[in-house]
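Dear colleague,

Please find the structure below.

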Amino acid sequence: TEDANGNLWLGTEDAGVVKLVTGGMVSFGLADGLSARPIASVFEDGAGGLYVITAGVTTRDLHRLDGERFTGVRPRLPASIRDLGWGAKQVSFRDRTGTWWIATGEGLCRYRPGTRFEYLPHTLPERTYTRRDGLAGDNVFRLYEDRRGDIWVGTIGPGEDGLAVWRRGTGRIE
């Protein structure tokens, strides 16, 4: 992703996060607050905050760049969700209303609008969307917010490959 200052951020399999700046490169790893490698996603929210998702063997942590270091949290998920999925790139994000969307192997978790980053470890999702709600499957692989604020959800798996959209106007999945 490109940040507000024009720097290019890259996630790697085993070297953490790399920031390409004019005249050089800066890398961030475990010593800089990241909890694991590889990097599943790097993204910026509408307020200019830079976030990284690490994909450990049994964890998927969300990190925010706070100055020169990352602060990490592990978002709280319903106890019924044990499979974190294996999606990469856009697997979680904060939309234009401040709502966090977290992809898992057992559905898409939506947190209450305005939930602060530091509260994610203590806050259950407001709603978890699954096949019962209209997704093609429960293993969410990619997410995307379009210019209308609708959330596109790609799923993957045997008999579960598909694309659905959560319509902001209705709050329903098509």
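Two rings of Phe, Tyr or Trp (for Trp, its six-membered ring) are counted as a pair if their centres lie within 6.5 Å; planes under 30 degrees apart count as stacked, over 60 as edge-to-face and the rest as tilted. This is a predicted model, in which local features need pLDDT of at least 70 and side-chain atom pairs count only at pLDDT 80 or more, while totals for chains, interfaces and linings use all residues. Residues are numbered from 1 along each chain as its sequence is written, and side-chain values use heavy atoms, with hydrogens and water left out.

By the ring rule there are nine aromatic pairs. One of them is W9 with F28, which is stacked at 5.5 Å centre to centre, with 25° between the planes. Because W9 lies in strand β1 (residues 8-11) and F28 in strand β3 (residues 24-28), this pair ties together parts that are 19 residues apart in sequence; strands are DSSP runs of E, at least two residues, numbered from the N terminus. W9 also pairs edge-to-face with F70, at 6.4 Å centre to centre and 90° between the planes. Both W9 and F70 are buried, that is, under 20% relative accessible area with a 1.4 Å probe and protein chains only (exposed is over 50%, partly exposed in between).

R69 belongs to strand β7 (residues 69-73) and is partly exposed, at 43% relative accessible area. R69 and D32 are 37 residues apart in sequence, yet 5.1 Å apart in space, C-alpha to C-alpha.

Yours sincerely

How values were computed. Helices (H or I, at least four residues) and strands (E, at least two) are DSSP runs, numbered from the N terminus.
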